[in-house]
Amino acid sequence: MFTWHAHAGAVTALAFGPGGRFLVSAGTDECVRVWDPLAGREEWCASLRVDDFLRLPGDPVGPPRHLVTSADRVAVASPALGLVLLDLATGRELGSVPLSDVRALKAPPDGASFLTLASAWSGREPAVRQYDFDGGALATPILLPTRSGPTALAVSSDGSRVAAGTTLFAWPP
């Protein structure tokens with residue numbers, strides 16, 4: 001058993017990279033870190049902190065809450081920055097998508113895309129959206145028939161079904 005002590009505060013999200021070669025963590029210090037889990041060594045750290053003087057009143061704040069990986073990318077949901085795409089090998093930022101209300105991220109088994117669940121709490125209808133790991137939207141959002149703001153998202157192991165809150169539907173739409 002290994003225990004890492006690197007985040008200045010709590011760990012808020014974890015995801016293994018392909019084949020378990022990397023472990024990605026995010027914390028209340030607003031950093032994303034990639035680890036070699038067998039060696040217990042940090043490979044890189046990327047700060048997603050927005051300086052306080054750049055924030056406007058009412059801007060969303062908080063640490064990254066969700067992570068998902070592909071063969072060479074990490075998608076991170078951060079309340080302050082939206083979706084941020086990082087290079088898995090280096091931590092370099094590759095792009096971003098301005099979403100501040102992401103409640104869940106999941107990757108279908110294709111490994112080339114990921115799904116977001118954006119909550120109704122932002123004033124929009126809750127919806128599931130698909131993105132490729134380059135940040136491009138791939139499909140029309142699926143609007144959910146509830147305004148209660150579901151916060152859970154699941155993808156079946158074969159990628160043919162998606163559940164969001166209490167709604168189950170075929171995938172791709």
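Mentor: The sulfur of Cys31 lies 3.8 Å from the closest cysteine sulfur, that of Cys45, which is too far for a bond. Please keep in mind that this is a predicted model, in which local features need pLDDT of at least 70 and side-chain atom pairs count only at pLDDT 80 or more, while totals for chains, interfaces and linings use all residues. Residues are numbered from 1 along each chain as its sequence is written, and side-chain values use heavy atoms, with hydrogens and water left out.

Trainee: How many disulfides does the structure hold?

Mentor: A disulfide is a pair of cysteine sulfur atoms within 2.5 Å. The sulfur of Cys45 has its closest cysteine sulfur in Cys31 at 3.8 Å, and is therefore too far away for a bond. The number of disulfides in the structure is 0.

Trainee: Is Cys31 buried or exposed?

Mentor: Buried means under 20% relative accessible area, exposed over 50%, and partly exposed in between (1.4 Å probe, protein chains only). Cys45, at 37%, is partly exposed. Cys31, with a relative accessibility of 10%, counts as buried.

Trainee: Which strands stand at the edges of the open sheet of 4 strands?

Mentor: Strands here are DSSP runs (E, at least two residues), numbered from the N terminus, and two of them pair if DSSP finds at least two bridges between them. The order is S9-S10-S11-S12 with antiparallel pairing, and Val128 stands opposite Ile142 in S12. Because each has a single partner strand, one side is left without a neighbour in the sheet for the edge strands, S9 (102-106) and S12 (142-143).
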